[in-house]
Amino acid sequence: MLDEVELMKYHNDFVDITDENLNLSVLIDKVRTEDSGAICTFSGTTRNYFVVDGIKRKVVSLEYESYTPMAIKEMQKTVKLARTKFQDINKIAVQHKIGKCLVGEESVCIAVSSSHRKVSFLACEFIIDELKRTCPIWKKEIYEDGSFNWKEN
Amino acid sequence: MVKVLYWAKAKELVGISDEEVYIGAPTPVSHFILKLENLHPILKTLNNTNLYALNMEFITNFNSILNNNDEFAIIPPVSGG
């Protein structure tokens, strides 16, 4: 069995952490293949409110911090696990933004291509769930009054 | 020396992002954590919700041995995505 880095190279999968704004169409192009009948995507966007201790608080922005080399490793492991769980995936691309994310902006984007659509839908969902569970990235919510809170998934 | 990285809330509480910590001999992870808590008592307030990483792998066995030049990280509950 190939390790996760070899597997990614073999399939031309893409995982990345960036401080630039995300562009989903770039990720879609990375997974587009002539033998794919479907590309499914997920974008995680910054919501303008979070519930803290039962109270709805208005969020002005989020800041993301990452233990980047380990986060990349965990993203690679997640991609490998998705390929183990779901057969006939063509390509996978995952990109996470770090630094400041304003309300409405994408903080994470995922694109998956496959011959038939079912596997792409399932893999997309699996990858975001797994990323939220294992990836060493942290989100700080900054509220209207200037206070902030480190979130926990 | 072991390189210790503090992330997110742990970094805020301790006040530094990283430091080198001396170990006299290869040290079990469990002992090393106690050493860090003695150096920075405020870490105890994190209520055992942290995970830890050794050379960028999550630690599951707290008897694992830390050696010189290892990288140890305190991983507060994650919130990516």
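**Contacts between and within the chains**

Student: Which residue of chain A meets the side chain of B:E57 in a salt bridge?

Tutor: The model is a predicted one. A salt bridge by this rule needs a side-chain nitrogen of Lys or Arg within 4 Å of a carboxyl oxygen of Asp or Glu. For B:E57 the N to O distance is 3.0 Å, and the partner is A:K73.

Student: How many salt bridges does the rule find across the interface of chain B and chain A?

Tutor: Over all chains the count comes to 13 salt bridges. Across the interface of chain B and chain A, the rule finds 4.

Student: Which element of chain B gives the most residues to the side that touches chain A?

Tutor: Helix 1 (8–14), strand 5 (57–58) and strand 7 (71–75) of chain B each supply at least two residues of that side. By class, the side has 11 nonpolar, 4 polar and 5 charged residues. The element that gives the most, with 4 residues, is helix 1 of chain B.

Student: What area do chain B and chain A bury between them?

Tutor: The size of an interface is often given as the accessible area lost when the parts come together. Here, 20 residues of chain B are in contact with 28 residues of chain A. B:M56, B:S79 and B:G81 supply 33% of the area that chain B buries against chain A, more than any other three residues. Of the area buried between the two chains, 57% is on carbon and sulfur atoms, and the total is about 2000 Å².

Student: Why does the salt bridge of A:E4 and A:K80 tie together parts that are apart in sequence, and how many residues apart are they?

Tutor: The side chains of A:E4 and A:K80 meet at 4.0 Å, N to O. A:E4 lies in helix 1 (residues 4–11) of chain A and A:K80 in helix 3 (residues 68–85) of chain A, so the pair ties together parts whose separation in sequence is 76 residues.

Student: Which helix supplies the largest share of the lining of the largest cavity?

Tutor: A search of the whole structure finds 1 cavity of 30 Å³ or more, and the largest cavity has a volume of about 40 Å³. Its lining consists of B:I33, B:L36, B:E37, B:L43, B:N50, B:Y52 and B:I74, which divide into 5 nonpolar, 1 polar and 1 charged. The largest share, 3 residues, comes from helix 2 (residues 29–39) of chain B.

Conventions:
Residues are numbered from 1 along each chain as its sequence is written. Chains are lettered from A and ligands numbered from 1 in the order in which they are written. This is a predicted model: local features need pLDDT of at least 70, side-chain atom pairs count only at pLDDT 80 or more; totals for chains, interfaces and linings use all residues. Side-chain values use heavy atoms; hydrogens and water are left out. Contact means heavy atoms within 4.5 Å. Buried area is the accessible area (1.4 Å probe) that two parts lose on being put together, summed over both. Ala, Val, Leu, Ile, Met, Phe, Trp, Tyr, Cys and Pro count as nonpolar, Asp, Glu, Lys and Arg as charged, and the others, Gly among them, as polar. On a 1 Å grid over the protein atoms alone, a cavity is a set of points where a 1.4 Å probe fits but cannot get out, and a pocket is an open set with protein on both sides within 12 Å along at least five of seven lines; lining residues have an atom within 4 Å of a point. Grid points are joined across faces, edges and corners, and a volume is the space filled by probe spheres set on the points.
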